[in-house]
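Reader: I'm new to this one. Could you put it up and take my questions as they come?
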Amino acid sequence: MSSVSPGAVGTGRKNLVLTAMIFAVAMTFIDQTIVSIAAPKIQSELGLSSTGMQWAVNSYLLTMAALFAYGGRLADTMGHRRMVTIGVIVFAGASALCGLTPKGSLAETWIVAFRALQGVGGALMYPAALAIVVNTYELRERGRALALFFGIAGGLTAVGPVLGGYLSAWTWRAIFWVNIPIALIALVLIVISRPTTRHRPAPMDYRGLALIAGGVALSVFGFQQSNIWGWSNPGIGLSIGLGLVLLVLFYRYEKTVTSPLMNVSIFGNRAFVVQNVILGIAMMVFVPMFFFASEYAAVSLDQKASQAGESLLYFFLGFVVAAQIGGRMLDRVGAKRPVVIGCAVAAVGFYLWARQLTTLDFNKELWMIVVAGAGMGLMMGPANTDAVNRASSLSYGEATGITQTVRNYGSSLSLAILGTVMVTETRSHLVSSLTSQGLSHAEAVRVANANSGTGSGGSTAAIPPFVRLDFARATQTVFSIMAGVMALACVVALLGLRRGLQEQPEQRESGDSAVAPA
């Protein structure tokens, strides 16, 4: 059966499709950060253990990371519109059930299980949604379209803390229920816009699925648990090591399969590999930044949850504006220039932001936050778009699944490492401050060990000024590392990417006879 080409779709309908897909993925971005803000209230009301609450946050990210590749493959073989619709329904249903978590002995199992189901919905939805946007626009229009997609959707990560702060003041259950009207709007827009893409029916590679899901889940689990168990726990190294072994086995196995879960030959495309390396490095900064900036605002600046979230809107402002510039640059001159410049601007922004953290004066940090956000916005969309553009139109979902898996890997690894740095630096500064106030070294170490974990855990009103400054110094170290990470991404982009516009990739199959509209 024939399919509608992007050029045959009117501008108005294209924009309606884009709006529908933004609403569809909005939930997945908001939920990356919104739950963390309400965590103390959820834990208190439901009587969750500390580990249970951590898994209420982590189970969502873990299942989504483990199943992104599967979601991308399903989208390519069963139809993008079908899978984004199913994903939205699953995500909204799981959100409703999270909000209905009962109190009592069932609470912990209930909320962790349905948070995991949210992750399944996100993994089904996101690759399909991005594939629809890419298929809807011609190659030379995609930069501008995906700048809006990534700019708005990515910026919603910053909206999460703000929304979470206000909604949790009413009831923490509302942070889950807010997804339901968003999902209904997305479903209505999907029906009205009727996005048309192509798909290629094929058998599912379940052995490959088991290998990659197990490999991603085990290694991400190891990174996530490192802050709970400690890096010295042998279970951390075993989990990460076994996960990496499974991923190597997956790569080797996929080369031998007639209908693989992932066509690993795409890694022979140099630009695709380079852009994924850049995205993995950049996500080591992007997601952790929201966590550490929120904690700094609460602990060092003594801001309420809603105020802490509002401060991140300045990052969102720089991100969204620069994302539009990056998209236009991508369409005009290719990906290299916006990616290199964006990484460099982000590195400078994070460095200058870090220098201001110990002033404990938000007004002095404001423009540094905008600059850091602008750098991330300038590079993120073009890097994502250029990577996905390297695939044929019949494997956009698959390419998206790969890029999202890499992004989740980068953020999980970084949260684990930077979390350890944060705790270590906070402890070191606290010991120095306590000994200078007359405590013995042993007593200072004991007090510092009891108070050096990240997270405000509720009210911060009783925190002494010297502790606020010590926490700011530790945050300064973390943000300085972030600046270095973005400088590394700039070097990779400068050396690894080629100048110029990209040509439309050839299809893997010739003709459209075996292809059906989704």
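Author: What follows is a short chat about the structure shown here.

Author: This is a predicted model, where local features need pLDDT of at least 70, side-chain atom pairs count only at pLDDT 80 or more, and totals for chains, interfaces and linings use all residues. Residues are numbered from 1 along each chain as its sequence is written, and side-chain values use heavy atoms, with hydrogens and water left out.

Reader: What does the secondary structure come to?

Author: The protein has 18 helices and two strands. Helices (H or I, at least four residues) and strands (E, at least two) are DSSP runs, numbered from the N terminus.

Reader: And how much of the protein counts as buried?

Author: Of its 518 residues, 58%. Buried means under 20% relative accessible area, exposed over 50%, and partly exposed in between, with a 1.4 Å probe and protein chains only.

Reader: What about the contacts, how many link residues 24 or more positions apart?

Author: Such pairs make up 85% of the contacts with a separation of 6 or more. Contact means heavy atoms within 4.5 Å.

Reader: Which residues have the most contacts inside the largest nonpolar core?

Author: Met21, Ile42, Val84 and Phe149, in a core of 95 residues. Helix 3 (residues 50-78) gives the largest share of this core, 15 residues. A nonpolar core is a set of buried Ala, Val, Leu, Ile, Met, Phe, Trp, Tyr and Cys residues joined through side-chain atoms within 4.5 Å.

Reader: What does Val84 touch?

Author: Not counting residues up to four places away in sequence, Val84 touches Met21, Ala24, Met125, Ala128, Ala129, Ile132 and Ile190. There is also a second, separate core of 52 residues, which includes Ala293, Cys343, Phe471 and Ala489.

Reader: Switching to charges. How many salt bridges?

Author: The count is four. A salt bridge here is a side-chain nitrogen of Lys or Arg within 4 Å of a carboxyl oxygen of Asp or Glu.

Reader: Why would side chains pair like that?

Author: Side chains of opposite charge can pair when their charged atoms come close.

Reader: Where do Asp302 and Arg468 sit?

Author: Asp302 is in the loop between helix 11 (270-299) and helix 12 (305-311), and Arg468 is in helix 18 (residues 465-496). They are 166 residues apart, so the pair links distant parts of the chain. Their salt bridge has an N to O distance of 3.8 Å. Asp302 is partly exposed at 41% relative accessibility, while Arg468 is buried at 10%.

Reader: Where do Arg473 and Asp470 lie?

Author: Both lie in helix 18, three residues apart, about one turn of the helix. Asp470 is buried at 1% relative accessible area, and Arg473 is partly exposed at 33%.

Reader: Which residue does Asp386 meet in a salt bridge?

Author: Arg390, at 2.9 Å, N to O. Asp386 is buried, with 4% relative accessible area, and Arg390 is partly exposed at 25%.

Reader: Last topic, Ser414: buried or exposed?

Author: Ser414 is buried, at 2% relative accessibility. This residue is found in helix 16 (residues 396-436). Leaving aside neighbours within four places in sequence, Ser414 is in contact with Met284, Pro288 and Gly419.
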